[in-house]
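Here are my notes for a colleague who is opening this entry for the first time. Please keep the viewer open while you go through the points.

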Amino acid sequence: MEALLRWAAELGVSDSPPPPFPSSASADASSSSPSSCIGRSLVVADFPNAGGRSLAAARDLRRGELVLRVPRAALLTSDRVVADDPRVAAFVSAHRHHLSAVQILIVCLLAEVEKGRNSVWYTYLSQLPSYYTVLATFNDFEVEALQVDDAIWVAQKATSAIKSDWEDATPLMKELDFKPKLLMFKSWIWAFATVSSRTLHIEWDEAGCLCPVGDLFNYAAPDDTSFEEDDIPEAERLTDGGYEDSNAYCLYARKNYKKGEQVLLGYGTYTNLELLEHYGFLLSENPNEKTFIQLDVDICSIGTWPRDSLYIHPNGLPSFALLCALRLWATPVNRRKAVSHQIYSGSMLSTENEMEIMKWLISKCEGTLQQLPTPVEFDESLLVFLHKIQNSTNCRTDLKQSGFEQEFAVFLRFHRLELDCSDNSQFPVRILRSLERWELAVQWRCNYKKTLKKCISYCESLVHELSLQLNKQ
Ligand SMILES: C[S@@+](CC[C@H](N)C(=O)[O-])C[C@H]1O[C@@H](n2cnc3c(N)ncnc32)[C@H](O)[C@@H]1O
């Protein structure tokens, strides 16, 4: 890490704003060491329960302060790799018409990996994670563990899209004479996940750029109230950053931070499945989470609401659009036109109509939960077990006590492995990584089921209230 921070300093990456007057230059020079690009506003720190390696405030930071500036010379982009290497340029240009911007960036990244120590990006590349947990890395066992059809479909689609991207780009990589290891799908997935989880947006390339040091910020959901944005007028809201006229990527503090606190970026508003797909993690509390249930086509097509607006919020409440669609759907066909203004304004139509849709939602959520192979309580205990077994020094005993011997036997069979923990030996690395992804899948489905349960409770209490009202009438 020190080597990366030194290398980045040489390229002009800095966490201190450029001095406003020449006289302050000496003060700046004394506070930020040339051996590191950070230290004045940020330090590298580990947050084991909040994303691992990241950047923390080196001092109290004020909302809106520039915390990191990464000049264009330090950004790894396709055009930079191509400009530095005429051979790569020639081959890429011959294939550009049939490859996407992301495929080209992946090939450029792998071309730099291929160069090893001869790459100008070697110091940066050496600090990249050696593996990822994005959905496309999930094997069949881990995908099945998601249990919910929609999520399984998203995972399978992600893998097949990446596979077809890899197949399309393979002739170019062969022309570039990549080593057999770098031609493998595994290497492509690694490079894809690097690009997917670490690039920042730039205007001139839709694949984005890899931003050394700037890619060490972990994520917080953008409308997290900790960002203190609620009472700021839209026009004054601060963005996390972007590429600016000053020819540098500039990143700003979105809230006040105390010294030592983790400084977070809002990469965008993602559901947990999207976070898992693009970044390989999920949030136990995600304000942007959307829980979708299977809806008949007559509900989906009843109004003008897009399908992705018909969902359940993390607190169990149906989305505005879902509520409106159900109210309209539960109205007799010949009355629908007459009530449409009420529907679109979001008003309840009648106690009976509201009771009917609440009861429908209860039975839909109950039916969905019943069809899933395991109840939420089982998933919760499985999560405790999976967490424990990954850090276990005595897995045979831990396994016996857990009651998950059967599930674990299926897992081991999938990996064609015999359990041998008699000598307290650790699991092989590939098994530990699979356990990590299995845990993520169970975490995802557990959150899904909890939301459906919350929806049932919410609807039940509303039905109760409404029936009291009906009795009074
Ligand atoms: C841009 S990188 C951030 C730096 C990264 N932690 C590292 O060590 O290089 C994004 C990755 O960090 C991890 N990450 C970011 N925010 C996270 C969070 N809130 N919870 C868990 N993991 C997170 C995920 O693995 C994600 O793909």
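1. The shell around the ligand divides into seven nonpolar, six polar and three charged residues. Here Ala, Val, Leu, Ile, Met, Phe, Trp, Tyr, Cys and Pro count as nonpolar, Asp, Glu, Lys and Arg as charged, and the others, Gly among them, as polar. In total 16 residues surround the ligand, and the closest are Gly51, Arg53, Ser197, Asn218 and Tyr219.

2. S2 supplies the largest share, three residues. Helices (H or I, at least four residues) and strands (E, at least two) are DSSP runs, numbered from the N terminus.

3. A word on the model. It is predicted: local features need pLDDT of at least 70, side-chain atom pairs count only at pLDDT 80 or more, and totals for chains, interfaces and linings use all residues. Residue numbers start from 1 along each chain as its sequence is written.

4. The protein chain is assigned domain 1 (2-75 + 212-279), domain 2 (78-210) and domain 3 (290-473). These bounds come from an automatic or database domain assignment. The ligand shell draws at least three residues from each of domain 1 and domain 2.

5. Domains 1 and 2 also touch: 15 residues of domain 1 are in contact with 18 residues of domain 2. Contact means that the C-beta atoms of two residues, placed from the backbone, lie within 7 Å. On the domain 1 side, helix H1 (2-10), strand S7 (241-244) and helix H11 (272-279) each give two or more residues. H11 gives the most, with five. That side divides into 10 nonpolar, three polar and two charged residues.

6. Look next at helix H5 (residues 101-115). Its 15 residues reach 21 Å from first C-alpha to last, close to the 21 Å expected. The expected span is 1.5 Å times one less than the number of residues. H5 is mostly covered, with 12 of its 15 residues buried. Among them are Ile104, Ile106, Val107, Cys108 and Glu112. Buried means 20 or more other C-beta atoms within 10 Å of a residue's own, exposed means 12 or fewer, and partly exposed lies in between; C-beta atoms are placed from the backbone. After H5 comes Gly116, whose phi is positive, near 60°.

7. Of its 121 residues, Ile106, Val107 and Val263 touch the most other members. Helix H19 (residues 429-472) gives the most to this core, with 11 residues. Such a core is a set of buried Ala, Val, Leu, Ile, Met, Phe, Trp, Tyr and Cys residues joined through C-beta atoms within 7 Å. Val107 touches Val92, Ala169, Leu172 and Met173, leaving aside residues up to four places away in sequence.

8. Is helix H18 (residues 405-414) largely in the open or covered? One of its 10 residues is buried, so H18 lies largely in the open. Arg416 follows H18, and its phi is positive, near 50°.

9. Finally, the whole protein chain. It has 19 helices and nine strands. Its C-alpha trace spans about 80 × 60 × 50 Å along the principal axes. Buried residues make up 35% of the 473 residues.

Notes:
A residue is near a molecule or strand if its C-beta atom, placed from the backbone, lies within 6 Å of it.
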